[in-house]
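Work through the exercises below with the sequence and the model side by side. Try each task before you read its solution.

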Amino acid sequence: WELLDRWVETGQGDRTCVIGAGAGAGGDSGEAGIRWTYAELQAEANRIANVLVQDLGVVPGNRVLLRGANTPQLAACWFAVMKAGAIAVATMPLLRAKELVQVIDKAQVTHALCDAALAQELETARAQCPVLTRVCLFRSDAADGLEARAERQSARFDNVDTASDDCALIAFTSGTTGQPKGTMHFHRDVLAICRCWPVHCLRARADDVFIGSPPLAFTFGLGGLLLFPLSVGAAAVLLEKASPELLLPAIAKHRATVCFTAPTSYRAMAAALTAASKGSVQGGSVDLSSLRKCVSAGEALPAATRQLWKDTTGIELIDGIGATEMLHIFISHTEETARPGATGRPVPGYRACVVDDEGREVPRGTVGKLAVQGPTGCRYLADERQAKYVRQGWNLTGDAYLVDADGYFVYQARTDDMIISGGYNIAGPEVESALLAHPAVAECAVVGVPDDERGQLVKAFVVLKPGAAGADDEAALVKAMQDFVKATIAPYKYPRAIEFRASLPRTETGKLQRFRLREA
Ligand code: 3UK
């Protein structure tokens, strides 16, 4: 109600709410894009809620799987599930049948709403999941598809009463290693995140137009591209595909004002903008004059990337660390309080500190484990890892941090990614930040690889910029990069091995998969 019905009931139903950009985000798909007002999204969500309850037999507490690329239809399905008092289990579009089976099994999913384009893997999974009784496809012209069913339903729906501590959604972690973990979040958690970071750090307005890349199945995307814009009465552009090449023209086309994506995407967009301004890319320059706020999350934001984006667009990035377990961002800053190399300070509403292995707070400047407390927190769905993540009310996110003299939190690495080489503790991301400032480096990843002499060896995997100077003499370039790092940070941290790659392994959410590089 607070995010959707409220606007209609207070006479603001005519405001633009969600914009769908079709398959070709550049606007050349030929498919007419959807543009729904708040009243229209409400009507769609109500019809779908009626389908859920009356056609598909959903009762409060049922877990409903949602599967689709970012579209207004998926947004309508999400609200329909909330309205019906059911629990949304959104899944990443790229999940394969094997992973879907785990999700369905773990969350005991009984119903599914699935984009017809992604039905195949779900059908395969369903054959192994008797618990999943009803699947209904949307964006389909089938007679039993969601659209046909919704058309026969009323556009009015009395929202099922839910308690503030009824479960609203189960979000699965991207799970770079091990089994996917389901995390439960209540209705009050959904509202709490709308009242913390967006109010204090983002400071969005009703006339903003949000855009970005993270899937709605990733809580970074759910918040940034659906909950936050709707919480202030703004509009959201939902792109089915949002690679950096597609995101740039989409920002220009929709005159977007607030952008959410990962650091790697900002680097790629900055590179494309620079190439365009030099005329080496077809299409020339892109008009980004509408853009006001750019948010980076999912991975550490290197100081070099912050600077690059500022030099290219004039915009100071807003960095924020969030986690699926915490639902959204809990340490961040405003544009005015940005500090290169630091994530920021606890978002109002949250407390954070850095502790040692015994849970004691460490002195400022000392590296330890990040511990967080606030209105949201980790509730794993039947998982023995709960006791490891939450200790004495504090959430341990698995990140190594230090707090500087001014109370800024400075990211080091994932605690299990810290490199121990020759007796030194080395944070891969710090070496990556140093390397990224080198003019030939487009992307890089620094990991510890087994080494007889030093225990672990600092190794960098580097993707060169197209046409980078010196690429013809690899040995000389390796030496130059090593010297470059030694001149920037403590020399013992320099990468003793450097390997050039065409690309780096990343998750669907833009995170480096360091474990795959270590195994390589
Ligand atoms: C890392 C960061 C440094 C960090 C997420 C915003 O990424 C999100 O959730 P995940 O569950 O991963 C959580 C882990 O990712 N991380 C995220 N952001 C940053 N590290 N600086 C950052 N700015 O290791 C964290 O523990 O996939 C991000 C909002 C919602 C989210 N779910």
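The model is predicted, and local features need pLDDT of at least 70, side-chain atom pairs count only at pLDDT 80 or more, while totals for chains, interfaces and linings use all residues. Residues are numbered from 1 along each chain as its sequence is written.

**Exercise 1.** Decide whether Q42 is buried or exposed.

*Solution.* Start by locating Q42 in helix α2, residues 38-55, where a helix is a DSSP run (H or I, at least four residues), numbered from the N terminus. Next, recall that a residue is buried if 20 or more other C-beta atoms, placed from the backbone, lie within 10 Å of its own, exposed if 12 or fewer, and partly exposed in between. Q42 has 25 C-beta neighbours inside 10 Å and therefore counts as buried.

**Exercise 2.** Find which residues Q42 touches, not counting residues up to four places away in sequence.

*Solution.* Contact requires C-beta atoms, placed from the backbone, to lie within 7 Å, and by this test Q42 touches L4, D5 and V8. Then take D5 in particular: Q42 and D5 are 37 residues apart in sequence, yet 6.5 Å apart in space, C-alpha to C-alpha.

**Exercise 3.** Describe how helices α11 and α12 pack.

*Solution.* First, note that α11 covers residues 263-277 and α12 residues 303-313. Finally, list the contact residues: P263, Y266, R267, A270, L273 and T274 of α11 meet T305, L308, W309 and T312 of α12.

Terms used
Axes fitted to C-alpha atoms, helices over the stretch in contact; angles between N-to-C directions. Helix = DSSP H or I, 4+ residues; strand = E, 2+ residues; numbered from the N terminus. Contact = placed C-beta atoms within 7 Å.
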